[in-house]
Protein chains: 2
Amino acid sequence: MTSLASRACAPCKGEEGKLSPAEIKAHLVALPAWQHGGDRITRRFTFKNFVQALAFVNQLGEVAEEQGHHPDLTLGWGYVGVTLTTHDCGGLSLNDMIMAAKIDALV
Amino acid sequence: MTSLASRACAPCKGEEGKLSPAEIKAHLVALPAWQHGGDRITRRFTFKNFVQALAFVNQLGEVAEEQGHHPDLTLGWGYVGVTLTTHDCGGLSLNDMIMAAKIDALV
């Protein structure tokens with residue numbers, strides 16, 4: 001687990017919480033499997049079948065509920081896609097980076 | 001439950017199993033909440049929170065496994081999107097209509 005993964009999502013600070021491009025770049029060094037585009041980061045996970053993909057969604061859902069920060073997901077036979085963004089700050093916040101690290105730690 | 005919902009998905013018959021535009025139209029009379037576009041039908045469900053949306057995905061996943069026919073899903077805080085298509089026939093098959101009816105019967 002990286003230090004990012006061991007942190008907890010904090011209540012959103014609105015626009016103040018929005019990371020700068022330089023901050024995003026710095027965080028993504030520790031999150032190499034995530035793609036950054038616009039106001040979001042995404043990662044696609046592959047699995048052997050639907051049941052394994054659904055099990056991962058449930059694991060991930062538990063973390064999301066615990067942290068009060070919910071990604072947008074895609075789910076189908078053998079895959080799960082995860083998109084993280086923070087609507088309240090209109091971009092990426094530290095919470096997104098923490099969630100990404102926690103999700104990485106699940107696999 | 002409609003009669004469609006009480007049927008079981010059958011092994012795919014390849015291109016032979018592809019429904020004609022007239023057949024699709026006829027089936028969709030019993031599935032008014034589904035949108036038809038191109039080779040797929042979709043429906044969006046809304047929920048009070050993430051936990052309820054995830055619970056629905058699990059219910060739906062159980063039916064998909066049972067029937068051996070898996071939709072593509074989107075899931076986030078308060079919503080689930082369902083897309084049905086049959087890759088093996090390159091369009092919509094009776095299995096998609098049966099799954100749509102079974103999914104309608106869950107809510």
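Four salt bridges are found over all chains of this predicted model. One pair is formed by A:Asp104 and A:Arg43, whose side chains meet with 2.5 Å from N to O. This pair ties together distant parts of the chain, for A:Asp104 belongs to helix 3 of chain A, while A:Arg43 lies in strand 2 (residues 40-46) of chain A, 61 residues apart.

Together, chain A and chain B bury about 1300 Å² between them. Of this buried area, 64% is on carbon and sulfur atoms. A look at the residues involved shows that 100% of the interface residues of chain A are also interface residues in chain B, so the copies meet through the same surface.

Chain A is superposed on chain B by a rotation of 180°, with 0.0 Å of shift along the axis and an RMSD of 0.0 Å. The two copies are therefore related as by a two-fold rotation axis. Which residue of chain A comes closest to the rotation axis? It is A:Thr74, with its C-alpha at 2.2 Å.

Within chain A, two helices pack against each other. Helix 2 (residues 50-67) and helix 3 (residues 94-104) of chain A have axes 10 Å apart and pack at an angle of about 145°. Helix 2 of chain A passes helix 3 of chain A in a right-handed crossing. From helix 2 of chain A, the contact draws on A:Phe56, A:Leu60, A:Val63, A:Ala64 and A:Gln67, and these meet A:Met99, A:Lys102 and A:Ile103 of helix 3.

The axes of helix 2 (residues 50-67) and helix 3 (residues 94-104) of chain B come within 10 Å and cross at roughly 145°. The crossing of helix 2 of chain B past helix 3 of chain B is right-handed. Here B:Phe56, B:Leu60, B:Val63, B:Ala64 and B:Gln67 in helix 2 of chain B meet B:Met99, B:Lys102 and B:Ile103 in helix 3 of chain B. This contact in chain B divides into six nonpolar residues, one polar and one charged.

Methods. Residues numbered from 1 in each chain as written. Chains lettered and ligands numbered in written order. Predicted model: local features only at pLDDT ≥ 70, side-chain atom pairs only at ≥ 80, totals over all residues. Heavy atoms only, no water. Least-squares fit on C-alpha atoms with pLDDT ≥ 70 in both. Contact = heavy atoms within 4.5 Å. Axes fitted to C-alpha atoms, helices over the stretch in contact; angles between N-to-C directions. Helix = DSSP H or I, 4+ residues; strand = E, 2+ residues; numbered from the N terminus. Left-handed = near helix turned anticlockwise from the far one by under 90°. Nonpolar A, V, L, I, M, F, W, Y, C, P; charged D, E, K, R; others polar. Buried area = accessible area lost by both parts, 1.4 Å probe.
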